[in-house]
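The sequence and structure come before the details.

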Amino acid sequence: MSKPSSSDPLQPPLFDPKQPSVPISYPIKTLEDLKTRTYFNSFHYPFNIALLPMSNQAASSSSSSSSSSLPNRRRLLVCHDMAGGYLDDKWVQGGTNPDAYAIWHWHLIDVFVYFSHNLVTIPPPCWTNTAHRHGVKVLGTFITEWDEGRAACDVLLSTKESAQMYAERLVELAVTLGFDGWLINMEVNLDRGQIPNLKEFVDHLSSLMHSSVPGSLVLWYDSITVDGDLNWQDQLNYYNKPFFDICDGIFVNYTWKENYPSLSAAVAGDRRFDVYMGIDVFGRNTYGGGQWNVNVALDVLRKDDVSAAIFAPGWVYETKQPPDFETANNSWWDLVEKSWGVLRKYPGVLPFYTNFDQGRGYHFSMDGDLMSDATWCNISCQGFQPHLNFADSTNPIQVFTDLKGSSYSGGGNITFKGSLEEHAHFEKKIFEAEFVLSELPIHLTYSVKSDGNSSLGLKLAFASSTNKREYILLASQPLNNFSGKFSKAIITNGNKGSSPGWVINEGTIAMNGYTLAEIHAVCYRCDSPSNKLRWLYGSDSSDSFSASTSDYFASLGHISIQTLEYKSDFPVASSWQVDAKYMKWTPGPQGSKILSLQISWELKDGKNHQFRSYNVYLVKSSKQEGTSSRLEHVKEYLGVAQAKCYYVSELKVPSGTYSLKFIIQVCGDDGTLQELDESPYYGLEVEGPQISITM
């Protein structure tokens, strides 16, 4: 593992975790803090609880195991180590950098490890939320290294009881914060006499994690040997197998030689897939050289049928690979996909909803309405990510995620741009899924924004139990010229909705006993442009209709699939208990006040309903000039909460404001939003000076 820079990338010297401030994620740096559970007394603790559990949406191919278990095949682990960690991703409620690092190739990943060189690296909840949405497990890291690490080990391993106690503290963190286990990295020399307690630490951690979180993982990093020597083996062998035997797998150091994967597989026996051979993307003595040759190592591991552990894929971002991060990142992951293959399918359970959001952008929309034009980043907001790899410049239509064009929901869309002749069509697979359908029909909704006579539909591939394939096209216009290529064509109902330019298409399909296996986008042209199409698609540009008839442009804003009888079940406002604390008023300019406070909400019945997220709005009531009546202002969007709490920091309250109303809008997994007038809220009177009051 690489050595960090000497500067602390996270906290200013005066950081006090007990004091209210904009919520952040941060690591635990000392054994004493781990032992005394100081993290749970932090102001930031409740914000760091991941909202989404491990998703039952994920379906693993080549496996009959449950979604909580790893599939019985070679797997891909990704270890995120970038510039010390806790950068843009530390801002729990989101940051402002639209170019922040993100991963959106989750269909290639089975396990995600968040790594830093702090003693206890706790994954920021944004990674846990989006990884879980895509069915990927998330691990934190426990590491001891250098003189400081050796001193910590002397305490940790002093007795059997001490080893067990610290293991229990790690389990408590994972269980409470909602991630799936730990990577253990002991990079120090130990005395042989300390090894029994080290084994006790690993064994107790593994067994307790498994009993506390079914499907959880504890992985061992190939560093220290059973003799206590810091001696990387680069393979599974006699010297590290005793640790492998008492946990869920080994992350093998990345300086292995070509025959080491097969040797390791032989030692592992029927656990060959629990051997994760390391690949350092920076290329430091790694097999194949890493970087743009990462596929060289992957090819060897695929041939020997063991798992892979890719270390520091943020290399693409850190080294500013040309021409830009998005293009370079897609190209790099294309190498991984071409070598390793797509071994995972998602989603697997209805309802399904995606808005193609990458968790960063230049604006934020909801149901076609622009809520904010500020730049932002929050990986928690990622929707299910489409499979858009293998970009081919020879294709007539280029397909890409667009963060700058208008979005229907969130901060992105899938854009289709290029040239298409009148009677031609172009298909692009965007999801591989495993929806097993019941006798109930399914209802699909998708939003499209396009120019001229460019049209966009969806092709759904259904598989029967005998693997018979049926292809159904949903389209907004009759397609006599190529509809014969599909088993059936369904003309959708389209309406403009309330947002300019976006058309909402709806269709219903009954395929009892089939599995929805693939979703494709289909680009085609209407028979002719017309005033009706101009109105329907809301184009305001005369150029789009006078341009060449072969020019094509369309955007896909969202896809929603649910059974016909499905309805979102939002608890009524009175079901919630909404509270506020850490309230602080300070004087502002021109008679205004500045308010900071934490708002928290829980269901009164104590049930733990799982919702996608919560939107937070503010309504200010002020005195109407010249009268004694109150004027309620429009609802102001403040942000999104991925926990059951939200911190309002330094809100300016203008002079004359009577009251504030903070509305908590519940967001369903199917993309629906609770009506604001029916949502829970917290009301606050602003009468009186209320200066420098803290609760």
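In which loop is L119 found? L119 is found in the loop between β3 (111-114) and β4 (120-121). The model is predicted, so local features need pLDDT of at least 70 and side-chain atom pairs count only at pLDDT 80 or more, while totals for chains, interfaces and linings use all residues. Residues are numbered from 1 along each chain as its sequence is written, and side-chain values use heavy atoms, with hydrogens and water left out. Helices (H or I, at least four residues) and strands (E, at least two) are DSSP runs, numbered from the N terminus.

- L119 is buried, at a relative accessible area of 9%; buried means under 20% relative accessible area, exposed over 50%, and partly exposed in between (1.4 Å probe, protein chains only).
- Leaving aside neighbours within four places in sequence, L119 is in contact with I28, K29, T30, L31, T141, F142, I143 and T144, where contact means heavy atoms within 4.5 Å.
- The C-alpha atoms of L119 and G149 are separated by 8.0 Å, and the two residues are 30 apart along the chain.

**Sheet β28-β29-β33**

- Three strands form an open sheet in the order β28-β29-β33, with antiparallel pairing; two strands pair if DSSP finds at least two bridges between them.
- β28 (576-587) and β33 (645-653) are the edge strands, each pairing on one side only.
- From one strand to the next, the twist averages 20 degrees.
- β28 and β29 pair over 10 bridges in the antiparallel sense, and Q577 has E602 in β29 as its bridge partner.
- The hairpin of β28 and β29 has 5 residues between the strands, and Q590 in the turn has a positive phi of about 55 degrees.
- Strand β29 (residues 593-603) pairs with β33 over 7 bridges, again in the antiparallel sense.
- K593 stands opposite V653 in β33, and the bridge partner of I599 in β33 is Y646.
- Because 9 of its 11 residues are buried, β29 is largely enclosed by the rest of the structure.

**Helices α8 and α10**

- The axes of helix α8 (residues 294-304) and helix α10 (residues 325-340) come within 9 Å and cross at roughly 20 degrees. That makes α8 roughly parallel to α10.
- Axes are lines fitted to C-alpha atoms, for helices over the stretch in contact, and angles run from 0 to 180 degrees between N-to-C directions.
- Angles under 35 degrees count as roughly parallel, over 145 as roughly antiparallel, 65 to 115 as roughly perpendicular and the rest as oblique.
- V294, N295, L298, D299, L301 and R302 in α8 meet W332, L335, V336, S339 and W340 in α10.
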